[in-house]
Amino acid sequence: MEQNDIPIDYSIMAPSPFPLDALSLSSLLGNMLDNAIEASLRGKAADNQFSPSIHFYIKPFQNMVLIHCENAFSGNIQITKNNKIISSKHSQEHGFGLKR
């Protein structure tokens, strides 16, 4: 594996018709994957032993579409007393996304 290679496994079972228009879908997927790639590269830069990976899938789920993207993480996650992840959008830091 090259220094910046990131293994990705994926599964796509998209319903037809798809409930999102092409522009919304490409914006959503582009943002999700860009964040996962950035976190993976940041983890590898901070720790040479870090093993980056991305897991991505789209599948129908209870009359909805589930879009899931998960990446390996190297760092600390801050959680509030109510078990919510603290997300930060400072210029040097990025958030962890929001559960929806």
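## Overall fold and surface

Among contacts in the protein (heavy atoms within 4.5 Å) between residues at least 6 apart in sequence, 46% link residues that are at least 24 apart. The model is a predicted one, in which local features need pLDDT of at least 70 and side-chain atom pairs count only at pLDDT 80 or more, whereas totals for chains, interfaces and linings use all residues. Residues are numbered from 1 along each chain as its sequence is written, and side-chain values use heavy atoms, with hydrogens and water left out.

The protein contains one helix and three strands, these being DSSP runs numbered from the N terminus (helices H or I, at least four residues; strands E, at least two), and their order from the N terminus is β-α-β-β. Of the 100 residues, 17% are buried, a term for under 20% relative accessible area, with exposed meaning over 50% and partly exposed lying in between (1.4 Å probe, protein chains only). The accessible surface comes to about 8,200 Å², and carbon and sulfur atoms account for 52% of that area, as computed by the Shrake-Rupley method with a 1.4 Å probe.

In soluble globular proteins, nonpolar side chains tend to be buried together.

Leaving aside neighbours within four places in sequence, M32 is in contact with I67, H68 and C69.

## S40, a buried serine in the helix

S40 lies in helix α1 (residues 22–46) and is buried, with a relative accessible area of 0%. A polar atom of the S40 side chain lies 2.9 Å from the backbone oxygen of A36. Beyond its neighbours within four places in sequence, S40 is in contact with I6, F50, P52, S53, I54 and N71.

## The salt bridge

A search of the whole structure finds one salt bridge, defined as a side-chain nitrogen of Lys or Arg within 4 Å of a carboxyl oxygen of Asp or Glu. The side chains of R42 and E38 form this bridge, at 3.1 Å from N to O.

R42 and E38 are separated by about one helical turn because they are four residues apart in helix α1. R42 counts as partly exposed at 43% relative accessibility, and E38 also counts as partly exposed, at 27%. Side chains of opposite charge can pair when their charged atoms come close.

Note on methods:
Polar contact = N/O pair within 3.5 Å; in protein donor to acceptor, adjacent residues only side chain to side chain.
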